[in-house]
Protein chains: 2
Amino acid sequence: MEAQQLQSPSKREQQKEARRNAIIDAGYQEFALQGFTATKLDDVAVRAGIGKGTIYLYFDSKETLFQEVIRKNLFPIRDEAQSYAAEFKGSATEHLTSHFRRMYQALHQDRMPELVQLVMGEGLRFPEIADFFFREIISSNQELIQGIIQKGVEDGEFRASFNAEFTQILIAPAMVSALWRLQLEKQSPLDIEAYADTHIEFILRGLKT
Amino acid sequence: MEAQQLQSPSKREQQKEARRNAIIDAGYQEFALQGFTATKLDDVAVRAGIGKGTIYLYFDSKETLFQEVIRKNLFPIRDEAQSYAAEFKGSATEHLTSHFRRMYQALHQDRMPELVQLVMGEGLRFPEIADFFFREIISSNQELIQGIIQKGVEDGEFRASFNAEFTQILIAPAMVSALWRLQLEKQSPLDIEAYADTHIEFILRGLKT
DNA sequence: TTATATTGACTGACCGGTCAGTCAGTTTTA
DNA sequence: TAAAACTGACTGACCGGTCAGTCAATATAA
C-alpha cells in the first residue's frame with residue numbers, strides 16, 4: 001500500500017491535487033480581474049466548477065488562497081530566469097539585453113500585468129506577501145542583475161561607478177510598462193516593442209564604460 | 001448686506017468651506033492608511049469630527065470623495081512644477097537635474113508615497129481617476145520633461161536619438177522608490193538620497209551626447 | 001432691542017444588500 | 001459499509017447610503 005502510494009498517487013490524491021490547482025487557477029483569474037477585496041469566493045467556486053465550501057477544504061481563508069495564487073504564479077518565472085541565467089554563455093552586454101527582453105516578455109504575457117498591479121496595489125499590504133515577494137522574487141532578480149553587472153565591470157564592458165545596489169532604477173521602467181498597458185492604454189497607447197528597445201538601449205548606454 | 005457678503009463670506013459659508021476641507025483631509029488620511037475599499041466612511045467622519053451623514057451633504061458618494069481627495073492633493077504639486085519650469089533659467093542639464101530633485105522631494109514628503117500606491121493600486125480601476133490622473137498629472141509632467149529634452153537636444157547637450165516619447169523610462173524609478181519606501185523598507189532599507197543621485201546621474205549619462 | 005419665524009447644516013439610528021465563513025446533509029470512493 | 005470529499009443554504013458581521021428629527025444661525029416683526 002505504502003509502496004503503491006509512493007509509486008503512483010491514488011485516484012483520490014490525484015483528484016485532490018487537481019482540485020487544488022483548479023481553485024488556484026480560478027482564484028488567479030478572479031483576483032486578476034477584480035482585485036483581492038472585490039473578488040467573491042462564490043465566483044471563484046463557480047469558475048472552478050465546485051461548491052464554495054470546497055474551497056475551505058483546501059485553504060484556510062480567502063487570504064491564504066490569495067497568497068498561494070501569488071506564489072504559484074511567480075515561482076515558475078523566477079525559476080526559469082535563474083536557470084536561464086545560470087546557463088547563459090556570452091558577454092555581459094548580451095546577457096543583460098536578453099535578461100531584460102525576457103523580463104518584458106514575462107511581464108506582458110497572459111495575466112501578468114494584472115498580477116503586477118495586484119501585488120503592487122493590494123499585495124504589499126499583506127506583510128506575508130510583501131515578505132515573500134521581496135525574498136523570492138525581487139531579491140533573486142536583483143542578485144541576478146548585480147551578477148551580470150559585476151561580470152561586465154570585470155570584463156571592462158561596464159563602468160564601475162554605477163551603484164549596482166540600486167537595481168530598481170533599471171527594473172522600474174519595465175514594471176511601469178505593465179501597469180501602463182493595463183490601465184492607461186486608452187489614454188495613450190504604448191508600443192511595448194519600441195519601449196523595451198529604448199529602455200534596454202538606455203540601460204546599456206548608462207552602464208557602458 | 002449683499003455687499004458685506006461679497007466682501008467677506010458669512011460665518012455659515014466659512015464653516016461650509018472648512019467642513020469640506022476637513023472631510024477631504026480626513027478622507028486623505030484614511031484612504032492613504034487603509035486603501036479605498038477598506039476605508040469606512042464612519043472612520044472618515046470620526047476623524048473629521050462630524051457625523052457620517054454630513055459627508056453626504058458635501059459629496060455624492062464614497063467614490064466622489066475619493067476623486068476629490070486625489071484631485072486636491074495632486075493639483076498643487078502639478079501647478080508648482082509647471083510654474084517652476086516656466087521660470088527656470090539655466091542649461092537643460094541643470095533644469096532636468098533640478099526637476100527630478102524636486103520630483104523626489106515631492107514623492108517622499110508627507111503622505112505622498114501612500115497616495116502613489118493608492119493611485120497605482122486602486123485608483124486606476126476607476127476610469128474617471130485614471131483619466132484625470134493621466135490628463136492632469138502624467139501628461140503635464142511628460143510634456144514638461146519632453147520640453148527640457150528638446151531644448152537640450154537643440155543646445156547640443158543631449159543626443160537626438162533618445163525616443164523622448166517614452167518619458168516613463170525616466171520617471172518610473174522615482175515612482176518605484178516611493179512604493180519601496182512604503183512597503184519594502186523593512187526587508188531592505190533604501191537610502192533615498194543616494195538612490196536619487198544615482199538615478200539622476202544615470203539619466204544624464206543616458207541622454208548626454 | 002427683543003421676540004418670533006425660518007432656514008439649512010448636521011446627526012446617527014436605521015435599512016438593505018453583500019459576502020466570508022460554517023455545517024448538516026449528500027455523494028463518491030475504497 | 002465506512003470514511004472521505006463535497007455541497008450550498010444559511011448566518012452574522014459589516015458598511016454604504018438614507019432620512020426624520022434637532023438645533024444653531026440668520027432674517028423678520030414688534
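How do the residues of the surface near DNA strand D divide into nonpolar, polar and charged? There are four nonpolar, seven polar and 10 charged residues, where Ala, Val, Leu, Ile, Met, Phe, Trp, Tyr, Cys and Pro count as nonpolar, Asp, Glu, Lys and Arg as charged, and the others, Gly among them, as polar. This is a predicted model, in which local features need pLDDT of at least 70, side-chain atom pairs count only at pLDDT 80 or more, and totals for chains, interfaces and linings use all residues. Residues are numbered from 1 along each chain as its sequence is written, while chains are lettered from A and ligands numbered from 1 in the order in which they are written.

A residue is near a strand if its C-beta atom, placed from the backbone, lies within 6 Å of it. Around DNA strand D there are 21 residues, of which A:I50, A:G51, A:G53, A:T54 and B:G53 come nearest. At least two residues of this surface come from each of α2 and α4 of chain A and α2, α3 (41-48) and α4 of chain B; helices are DSSP runs (H or I, at least four residues), numbered from the N terminus.

DNA strand C also has 21 residues around it, with A:G53, B:I50, B:G51, B:G53 and B:T54 nearest. Here the elements that each supply at least two residues are α2 (11-34), α3 (41-48) and α4 (52-58) of chain A, together with α2 (11-34) and α4 (52-58) of chain B. The surface near DNA strand C has four nonpolar, seven polar and 10 charged residues.

The contact between the chains takes 34 residues from chain A and 34 from chain B, two residues being in contact if their C-beta atoms, placed from the backbone, lie within 7 Å. On the side of chain A that touches chain B, α7 (112-121), α8 (127-154), α9 (168-183) and α10 (192-207) each supply at least two residues, and α9(A) gives the most, with 10 residues. This side divides into 17 nonpolar, 13 polar and four charged residues. The copies meet through the same surface, because 100% of the interface residues of chain A are also interface residues in chain B.
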